[in-house]
Amino acid sequence: MREFLVEITTAIPEGTEPAEVDRRRAAEAVRAAELAESGHLFRLWRPEGELRSIGVWRARDEQELQEKVLGTLPLRPWMSLTVTPLVSHPNDPGKQDGVS
């Protein structure tokens, strides 16, 4: 699988019922755990003091990432995404032999 750096900003639409927000957030946690288990969600961070996340996600290609991975997140309709395909740097200390 390829790796992608994904920056996510979630904006809850004005007027959304708090119960709907809670429902989606709970479902988001469940789906994120499923995607981590399947290897699609590799790492996820939240910059301190910011309401966004930055993560390393894995998929066969960007189409699969958008449609079958990120597109399945319950909060996706409220998200804006920046997706950057990644390749290994020659000096990456974590690079394994033969893997780029």
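Biologist: What does the side chain of Glu64 reach at 2.4 Å, and why is this called a polar contact?

Modeller: In this predicted model, the side chain of Glu64 reaches the backbone nitrogen of Arg60. A polar contact is a pair of N or O atoms within 3.5 Å; within protein, one must be able to donate a hydrogen and the other to accept it, and residues adjacent in sequence count only if both atoms are side-chain atoms. Local features need pLDDT of at least 70, side-chain atom pairs count only at pLDDT 80 or more, and totals for chains, interfaces and linings use all residues. Residues are numbered from 1 along each chain as its sequence is written, and side-chain values use heavy atoms, with hydrogens and water left out.

Biologist: Why is Glu64 called buried?

Modeller: Its relative accessible area is 13%. Buried means under 20%, exposed over 50%, and partly exposed in between (1.4 Å probe, protein chains only). Glu64, at 13%, is therefore buried.

Biologist: Which residues does Glu64 touch, not counting residues up to four places away in sequence?

Modeller: Glu64 touches His40, Ala59 and Val69 (heavy atoms within 4.5 Å).

Biologist: In which element does Glu64 lie?

Modeller: Glu64 lies in helix 2, which spans 62-69. Helices (H or I, at least four residues) and strands (E, at least two) are DSSP runs, numbered from the N terminus.

Biologist: Which elements each supply at least two residues of the largest nonpolar core, and which members touch the most others?

Modeller: Of its 17 residues, Val6, Trp57, Leu65 and Leu70 touch the most other members. Strand 1, helix 1, strand 3, helix 2 and strand 4 each supply at least two. Such a core is a set of buried Ala, Val, Leu, Ile, Met, Phe, Trp, Tyr and Cys residues joined through side-chain atoms within 4.5 Å.
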